[in-house]
Amino acid sequence: MVTKQSKMEMQIRAISPQFDKRIVNYLSDLISKHENKKIIIPHTAGGEHNILLAGEYAVKYPLEYPSINPCYDKRRLIYEFNIAQNLEKIGLNVPKMFAVCSDEKTLFLIMKKLHLTPARELNRQQITEAARQFHYQINLAKTKGFNPGDTSISTLESLESFYNYGFCVENNKGYFFDFSKWVQEVD
Ligand SMILES: Nc1ncnc2c1ncn2[C@@H]1O[C@H](COP(=O)(O)OP(=O)(O)OP(=O)(O)O)[C@@H](O)[C@H]1O
Ligand SMILES: [Mg+2]
């Protein structure tokens with residue numbers, strides 16, 4: 001008989017065999033409690049996903065809860081997981097990817113939480129550094145066969161904004177996130 005627990009373990013094994021199952025279960029439970037408004041976890045939503053910020057983890061799952069198209073959602077999150085890992089290999093700053101999992105309600109991507117400061121709160125020197133790293137990293141990705149997705153920066157005075165990119169003032173590094181529209185050319 002396939003129990004709920006072993007079903008989840010099969011799903012996890014498919015993408016990240018070594019990731020701690022207890023953390024997966026804990027985060028699955030957090031999503032459920034957050035969605036059922038039993039507790040409110042710090043979160044930030046994009047156009048299509050919610051991101052829960054829990055300890056050292058950022059957990060990304062579709063805004064529709066329960067998921068209305070699990071196969072499609074799973075494919076998208078696995079795609080994102082793989083692109084991020086491949087970008088990390090060529091030296092881009094991306095959140096560490098830990099696992100893509102499913103429970104009975106949704107699919108979720110577990111990654112490392114980034115500590116990003118909104119662009120409008122950065123000083124001029126930090127904006128300049130964020131922009132320098134953005135262009136350097138985009139060029140590196142292109143030379144290594146990636147077509148960057150919807151990511152951009154505007155560094156005009158009084159109109160600073162970043163899209164799917166952010167700057168961490170603690171370590172002075174610019175990070176990319178949200179890889180659903182990045183493409184890796186195959187040779
Ligand atoms: N690893 C992370 N750590 C901390 N915050 C994150 C992380 N990944 C994403 N975020 C935050 O969550 C927000 C939404 O994430 P993301 O862009 O991946 O979702 P989306 O729904 O695909 O977005 P879009 O609106 O571009 O479709 C981001 O703008 C960012 O602020
Ligand atoms: Mg986004």
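## A first look

Of the 187 residues in this protein, 32% are buried, where buried is the word for a residue with 20 or more other C-beta atoms, placed from the backbone, within 10 Å of its own. The model is a predicted one, in which local features need pLDDT of at least 70, side-chain atom pairs count only at pLDDT 80 or more, and totals for chains, interfaces and linings use all residues. Residues are numbered from 1 along each chain as its sequence is written, while chains are lettered from A and ligands numbered from 1 in the order in which they are written.

## Overall fold

The protein holds 4 helices and 11 strands, which are DSSP runs numbered from the N terminus (helices: H or I, at least four residues; strands: E, at least two). Its radius of gyration is 17 Å, close to the 16 Å of the globule rule for 187 residues, so the protein is as compact as a globular protein of that length. That radius is taken over C-alpha atoms, and the rule is 2.2 Å times the number of residues to the power 0.38.

## Two domains

Now to the parts: domain 1 covers 4–112 and domain 2 covers 119–184, with bounds from an automatic or database domain assignment. Their centres, taken over C-alpha atoms, are 23 Å apart.

Conventions. Buried ≥ 20, exposed ≤ 12 C-beta atoms within 10 Å, placed from the backbone.
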